[in-house]
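Here are a few notes to go with your first look at this one. Keep the viewer open while you read, and turn the model as you go.

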Amino acid sequence: MTSPALHPSLHTPQQLVEHALATSTADDCVAIVRDVTSANLRWANNTLTTNGVMTEVSVTVVSFAAVSGGVATGSVSGSASTPEQVTALVQAADAAARAGSPAEDVAELVADATSPDWDTEPETTDIGVYRQFAPSLGEAFAQAGAEQRLLYGFVNHDVATTYLGSTRGLRLRHVQPTGHYACTGKDASLTRSAWTGGATRDFRDVDAAAMAATVAQRLAWAERRIDLPAGRYDTILPPSSVADLMIDAYWGAGARVAHEGESVYSRRGGGTRIGDKVAAPGVSLFSDPAHPGLECAPFVIAGASDNTDSVFDNGLSLERTDWIRDGLLTGLLQTRHSAGMTGQPVTPMIDNLVLEVGDGAGTIEDMVSGVQRGLLLTCLWYIREVDPQTMLLTGLTRDGVYVVEDGEIVGAANNFRWNESPVDLLNRFTAATATVPSFSREWGDDYFSRTATPALRIPDFNMSSVSQGV
């Protein structure tokens, strides 16, 4: 992340916020301006193909209007960098609010909170964020070429500065750096494929040589092909796969749908399962905006209302929230509206997630050494929900399902379609490693990249059918 620099726009984000609030003729208004710079590198066939830096300013206007029976809202978003463009968004949001029906999630707007750095310019990124990574990547290309491997992949780094203002006196600012990398390796005949990836805040902790070495090792594991049928296998889910599944478990933890009997977190007979055992003893799942390495916005930023968010909650302070503590469900995603329905504390969504197991220790290598016969996955993809009542998910394996015999990896199997519930897995696992920073291949690129999870060993992971996916 670079030092704050003069932004090319003639109008600062703060000016755009103030213009929106002053222009709105609704009863109340929230304006959210998000200034993002992004730097990326892409490569294929051991050659850098593209690089670039992009800048975008987007504005969301939420208008609140008193209507018969309550308060209606209108939310409109779009790219905007001039007062005229913001005015158009404001007018559309005001009109939508006045034409709307009373909002179910109505609550008193948060008022009078100001970030000490509100007046500070947006922070930015540029290609310089790769100053350590890029030379090492070039060396990895040369080594891969000499050893008849092909590398494909990309790195991306965003710095988003969000400004949230309201007619009730909110003036809040947050800077969010987000980076991720992914590298796929193939052999010269293009018959074997392996992947690795991860998340970072600034790329100072990303080693291109180590990334390429991981891919090379996994391609070597796949030199022997072992075809296996569908069935239940003793399976090691790496932290990336655990992150895939836990994000689904988190996104599905809306208190309202649980209260209404529509999710795995619903209690038979009515209400939610808060207070019930949902995981094995020692399992904790939590979010914390101040968690080291996973820092995220310490206040609610909501451009629209849905099952887990409310525009009325914009600006609410966020703090560590335990969703599962020692195996017991202790919290669900609660807006102030759903908290009123359930009688539970207000616990809004937070933009990170950590899974810890009390006796988790060691590494994946340690876990592999204890498996007599089983599988080590690389990642999951194309994940879809089959049954919300049990949170049964289905998906595919990809880029490496490795066969373990007598504590050693002896080859690569075919891919599978799988069917499992992440909540059920938290009860069935037999071992866990230490929690480490992780990256969901399915959700991390675009939606949710800040996770820390262990690897889990599942004694009977359900590979429901053989897949021809790569």
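The points below start with the whole chain and then move to a few places in it.

1. First, a reminder: this is a predicted model. The chain holds 9 helices and 21 strands. Its radius of gyration is 24 Å, close to the 23 Å that the globule rule gives for 470 residues, so the chain is as compact as a globular protein of that length.

2. Of the 470 residues, 54% count as buried. If you take the contacts between residues at least 6 apart in sequence, 74% of them join residues at least 24 apart.

3. Now go to helix α1, residues 13–23. Which of its residues are buried? They are Pro13, Gln14, Leu16, Val17, Ala20 and Leu21. These residues cover an arc of only 165 degrees around the axis, which puts them on the same side of α1.

4. What covers that buried set in α1? The cover includes the strands β1 (28–44), β2 (47–67), β5 (149–166) and β6 (170–187), along with the helix α2 (83–99).

5. Next, have a look at strand β13, residues 353–357. Here 4 of the 5 residues are buried, so the strand is largely enclosed by the rest of the structure.

6. Which strands does β13 pair with? One is β10 (residues 283–287), antiparallel to β13 and joined to it over 4 bridges. In this pairing, leucine 285 sits opposite leucine 355 of β13. Another is β20 (residues 451–453), which runs parallel to β13 and is joined to it by 2 bridges. There, leucine 353 faces threonine 451 of β20.

7. Last, a helix pair. Two packed helices are described by the angle between their axes and the distance between the axes. For helix α3 (residues 133–146) and helix α4 (residues 208–221), the axes come within 8 Å and cross at roughly 35 degrees. On the α3 side, the contact is made by Phe133, Ser136, Leu137 and Ala140; on the α4 side, by Ala208, Ala209, Met211 and Ala212. Sorted by class, the contact of α3 with α4 has 7 nonpolar residues, 1 polar residue and no charged ones.

Terms used:
Residues are numbered from 1 along each chain as its sequence is written. This is a predicted model: local features need pLDDT of at least 70, side-chain atom pairs count only at pLDDT 80 or more; totals for chains, interfaces and linings use all residues. Side-chain values use heavy atoms; hydrogens and water are left out. Buried means under 20% relative accessible area, exposed over 50%, partly exposed in between (1.4 Å probe, protein chains only). The arc is that of the directions from the helix axis to the C-beta atoms. Contact means heavy atoms within 4.5 Å. Two strands pair if DSSP finds at least two bridges between them. Axes are lines fitted to C-alpha atoms, for helices over the stretch in contact, and angles run from 0 to 180 degrees between N-to-C directions. Ala, Val, Leu, Ile, Met, Phe, Trp, Tyr, Cys and Pro count as nonpolar, Asp, Glu, Lys and Arg as charged, and the others, Gly among them, as polar. The radius of gyration is taken over C-alpha atoms; the globule rule is 2.2 Å times the number of residues to the power 0.38.
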